[in-house]
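Hello,

Here is the structure I said I would pass on. Please open it first, and then read the notes below it.

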Amino acid sequence: MILRERNPDNLEFPFAALESFITPNDRFYVRSHFPTPRLDGESWRLRVDGCVEKAMELSFEQIATMPAKSLITTMECAGNSRIFLPKAKGVQWELGATSTAEWLGVPLSAVLNEAGIKAEALEVVLEGADRGEIKDEPKPAGDIAYSRSLPLEKAMADNVILAYKMNGEGLSAEHGYPLRAIVAGQYGMASVKWLKRLTVIDHVFNGYWQTIDYAYWERNGGEPTRKPITDMLVKSEIARPSMDQRIVAGSVYPIFGAAWTGPEAEIDHVEVSTDGGRSWGEATLLQKPQRYSWVLWQYEWRVPPEARTYTLMSRATDTAGETQPDKHDSDRATYMINFVLPVTVEVR
Ligand SMILES: Nc1nc2c(c(=O)[nH]1)N[C@H]1C(S)=C(S)[C@@H](COP(=O)(O)O)O[C@H]1N2
Ligand SMILES: [Mo]
């Protein structure tokens, strides 16, 4: 793993080592804002309160005996690839703040239905057990918990689970033990780890992590309005070759990578350019694209005999017709970075 930050530890999956569709647990990237809470599964409770018929406290045992559901999802941090933006502040992620796992848990809807949702309910706030002080301005005073809300309709959808297993193993402390949300198709910030409380509210939640941080400016023709970051945007990345790699002139090199998109579409196709974006050829998808998870792809490059620097690019398009843009949209600041990323290599 590539260590991007210490305490809290932020670990990047070395994307150049991408091999399998499922990311092994010890290679799954870690993104935490505060030190990892060490929770005890025995005494831990999930509190459910707010606009519900009966507020509850559920033990791990009670959750684990409810009907389970599994989801295979790719999770990408909204700040992944930030290193490609000029002088951007924040964790300097390159390509590997993205990973794929099979999660097992209970649908969030099942827990909410158990508590009984009142008619005035509008959103559900998911709160983690981790807390601390924010360093950068603007910031609230004192310690705050990590929390995010989902509109009720999203919270009740079948792509949201409260997970206690990752690739068949109990969650590790870093990935949210004992229980975390998985919001399939959204950037990682929605998948709250170390869940301790679900609060149903009758208003829009304007918490720190969806107004100041993990938010962007949306323009619908007119003035910009502040919106929480939600769905992942269509994206592809080249795992191999990696930046500045040397490649033998006249050989055949399999360019290899992954592509993924948001919750409303699947990957349709991936194109590759070996001449800095002038011409494009179609890559082969190595699996049938599935909703919520990446697809691995490959492109056989007949490396020219001419020794010089070449610029490789990949560009994905999804079934909704969305394609990766050429440039980063600055209304997204240092998040949602899905523009076509160049990889320069040395042919010798
Ligand atoms: N409680 C809590 N949940 C959290 C976070 C956090 O700091 N605290 N980080 C979020 C972000 S920004 C991401 S990208 C994902 C990362 O999940 P992972 O560490 O399992 O990869 O967790 C999300 N859930
Ligand atoms: Mo993130």
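A residue is called buried under 20% relative accessible area, exposed over 50%, and partly exposed in between. Asn-167 has a relative accessible area of 26%, so Asn-167 is partly exposed. Please keep in mind that this is a predicted model.

Backbone angles

Asn-167 belongs to the loop between β9 (160–166) and β10 (169–170). Its phi is positive, about 50 degrees, although Asn-167 is not a glycine. Met-336 is another non-glycine residue with a positive phi, in this case near 55 degrees. Met-336 is in the loop between β22 (309–318) and β23 (343–347). With a relative accessible area of 5%, which is under 20%, Met-336 is buried.

Two peptide bonds are also worth a look. The bond from Glu-137 to Pro-138 is cis, with omega near -5 degrees. Pro-138 sits in the loop between β7 (123–133) and β8 (143–151). Arg-240 and Pro-241 are likewise joined by a cis peptide bond, where omega is about 0 degrees. The loop that holds Pro-241 runs between β15 (235–240) and β16 (246–247).

Why point these out? Most residues other than glycine have a negative phi, and most peptide bonds are trans.

The ligand

Which residues are closest to ligand 1? They are Tyr-29, Asp-130, His-175, Arg-180 and Lys-193, out of 20 residues that surround ligand 1. Ligand 1 sits in the largest cavity.

Here are some polar contacts to find on the screen:

- A backbone N or O atom of Tyr-29 is 2.6 Å from an oxygen atom of ligand 1.
- A polar backbone atom of Arg-31 is 2.9 Å from an oxygen atom of ligand 1.
- In His-33, a side-chain N or O atom lies 2.8 Å from an oxygen atom of ligand 1.

On its own, ligand 1 has 530 Å² of accessible area, and the protein covers 100% of it.

Ser-191 is located in the loop between β11 (180–183) and β12 (195–201). Is Ser-191 buried or exposed? Its relative accessibility is 4%, which is under 20%, so Ser-191 counts as buried. Leaving aside neighbours within four places in sequence, Ser-191 is in contact with Met-75, Arg-180, Ala-181, Ile-182 and Val-183. One of these, Arg-180, is also among the residues closest to ligand 1.

Ile-72 is part of strand β5, which covers residues 69–76. Its relative accessible area is 27%, so Ile-72 is partly exposed. Not counting residues up to four places away in sequence, Ile-72 touches Phe-21, Ile-22, Thr-100, Ala-101, Glu-102, Arg-291, Tyr-292 and Ser-293. Val-303 is 231 residues away from Ile-72 along the chain, and the C-alpha atoms of the two are separated by 35 Å.

Asn-206 is placed in the loop between β12 and α4 (208–211). Its relative accessibility of 58% is over 50%, so Asn-206 counts as exposed. Between Asn-206 and Arg-148 there are 9.0 Å from C-alpha to C-alpha, and the two are 58 residues apart along the chain.

Regards

Methods:
Residues numbered from 1 in each chain as written. Chains lettered and ligands numbered in written order. Predicted model: local features only at pLDDT ≥ 70, side-chain atom pairs only at ≥ 80, totals over all residues. Heavy atoms only, no water. Helix = DSSP H or I, 4+ residues; strand = E, 2+ residues; numbered from the N terminus. Buried < 20%, exposed > 50% of the residue type's maximum accessible area, 1.4 Å probe, protein only. Contact = heavy atoms within 4.5 Å. Near = heavy atom within 4 Å. Polar contact = N/O pair within 3.5 Å; in protein donor to acceptor, adjacent residues only side chain to side chain. Areas by Shrake-Rupley, 256 points an atom, 1.4 Å probe, with all protein chains shown as cover. 1 Å grid on protein atoms, 1.4 Å probe; cavity = no way out; pocket = protein on both sides within 12 Å on 5 of 7 lines; lining within 4 Å. Sits in = over half its atoms within 2 Å of the grid points.
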